[in-house]
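These notes are meant for a colleague who is opening this structure for the first time.

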Amino acid sequence: MSNPSDTGSVSILLIEDDDVDIEIVIRKFRDLDVPAFFHVAKTGIEALEMLYGSDNREKITPPPDAIILDTNMPQMDGIEFLEKLHAHSGQLGMPVFMLTGEYTTRDKLAVHNLTVTARIVKPLCDDDVLRIYSQAAGKSRR
Amino acid sequence: MNMDVRFNVLFVDDDDVDIQSVQREIQKFKVAVHLEIAKDGIEALNKLMGTQGEKKIQRPQLILLDINMPRMGGIEFLKKLQSEPEFNDIKVYLLTTAYTTHDKIATKGLNVAGHIIKPLQHDDLMRVYWSLIGGGPD
């Protein structure tokens, strides 16, 4: 998977602290032959550094085509990350998918103003992968 | 793209307020939708098949289903639907107040196309519509 623009490949920033879950997501894409390259951040802070750069780290260039975020993480949880993403002046505009163990009416009404493209209840299934890919690929062509 | 296509939707839910909410949202939608209501799985099956005194409804392209209902719950309905060759290819979207990993695993293999968390909103209808007409806004 050398040149992303040639192969239809997308790059995805995966924000996930559990190694097994990271492997599960990457493998799911691979098993479906969906061309995606993954940047992995284990915390919200690391993710923000990868998106915007910091003293220790260069930002990812070009920016990822999509973000997959596990809402259940220590240190900075998903909601806090989203608020920081939303507040940052350089809002990058790529689709953001939240991986969660549950999704309720309260959640739906609460995150309405944050820039979440969709909440996906684990486990990630084939349709979820295709949906993420098609949104990410659509974004990178613009 | 033909916007005059009329869609038949069967909505299975026992809550009157939720039914009204869905009716309102569907009325606003750009595509003409004929909405049939069933209060539980048994009524839904009867309407689909025209049994037990119910008039057989026009075959829906989409079933919206609340998983938690008395008499016949959503899961049971899904299983019965799957066993009927005439209806087992109808797209089913779960419409529910909560959806968990447990629910997702429980409905795997029961031909559920997707889920929508209440309240049903315009974006949800758009997403379902696109998946039904077999394309995407890519």
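1. In this model, which is predicted rather than determined by experiment, β5(A) is joined by three bridges to strand β5 of chain B, residues 98–100, and the two run antiparallel. Within this pairing, Thr104(A) has Ala98(B) of β5(B) standing opposite.

2. The contact between the chains draws 12 residues from chain A and 12 residues from chain B. On the side of chain A that touches chain B, the elements that contribute two or more residues are β5 (102–104), α5 (105–110) and α6 (126–140) of chain A. Sorted by class, that side of chain A has three nonpolar, five polar and four charged residues.

3. Chain B contains an open sheet of five strands, paired in parallel fashion and arranged in the order β2-β1-β3-β4-β6. Because β2 (33–38) and β6 (112–117) of chain B each have a single partner strand, they stand at the edges, and one side of each is left without a neighbour in the sheet. On average, and with direction ignored, neighbouring strands of this sheet are turned by 25 degrees against each other.

4. Inside that sheet, strand β1 (residues 7–12) of chain B runs parallel to strand β3 (residues 62–65) of chain B, and four bridges join the two; Val9(B), for its part, stands opposite Leu62(B) in β3(B). Helix α1 (residues 16–28) of chain B packs on the sheet, where it touches β1 and β2 of chain B, and its direction makes about 170 degrees with that of β2(B).

5. Turning to chain A, which residues of helix α3 (residues 44–52) are buried? They are Gly44(A), Ala47(A), Met50(A) and Leu51(A), and because they cover an arc of only 120 degrees around the axis, they lie on the same side of α3(A). Among the elements that cover the buried residues of α3(A) are β1 (10–15), β2 (36–41) and α4 (78–87) of chain A. The helix α3(A) is followed by Gly53(A), which has a positive phi, near 80 degrees.

6. The largest nonpolar core has 61 residues, and those with the most contacts inside it are Ile68(A) and Phe97(A), while β1(A) gives the most to this core, with five residues. If neighbours within four places in sequence are left aside, Ile68(A) is in contact with Ile12(A), Leu14(A), Ile15(A), Val25(A), Phe97(A), Leu99(A) and Ile132(A).

Key:
Residues are numbered from 1 along each chain as its sequence is written. Chains are lettered from A and ligands numbered from 1 in the order in which they are written. This is a predicted model: local features need pLDDT of at least 70, side-chain atom pairs count only at pLDDT 80 or more; totals for chains, interfaces and linings use all residues. Two strands pair if DSSP finds at least two bridges between them. Axes are lines fitted to C-alpha atoms, for helices over the stretch in contact, and angles run from 0 to 180 degrees between N-to-C directions. Two residues are in contact if their C-beta atoms, placed from the backbone, lie within 7 Å. Ala, Val, Leu, Ile, Met, Phe, Trp, Tyr, Cys and Pro count as nonpolar, Asp, Glu, Lys and Arg as charged, and the others, Gly among them, as polar. A residue is buried if 20 or more other C-beta atoms lie within 10 Å of its own, exposed if 12 or fewer, and partly exposed in between; C-beta atoms are placed from the backbone. The arc is that of the directions from the helix axis to the C-beta atoms. A nonpolar core is a set of buried Ala, Val, Leu, Ile, Met, Phe, Trp, Tyr and Cys residues joined through C-beta atoms within 7 Å.
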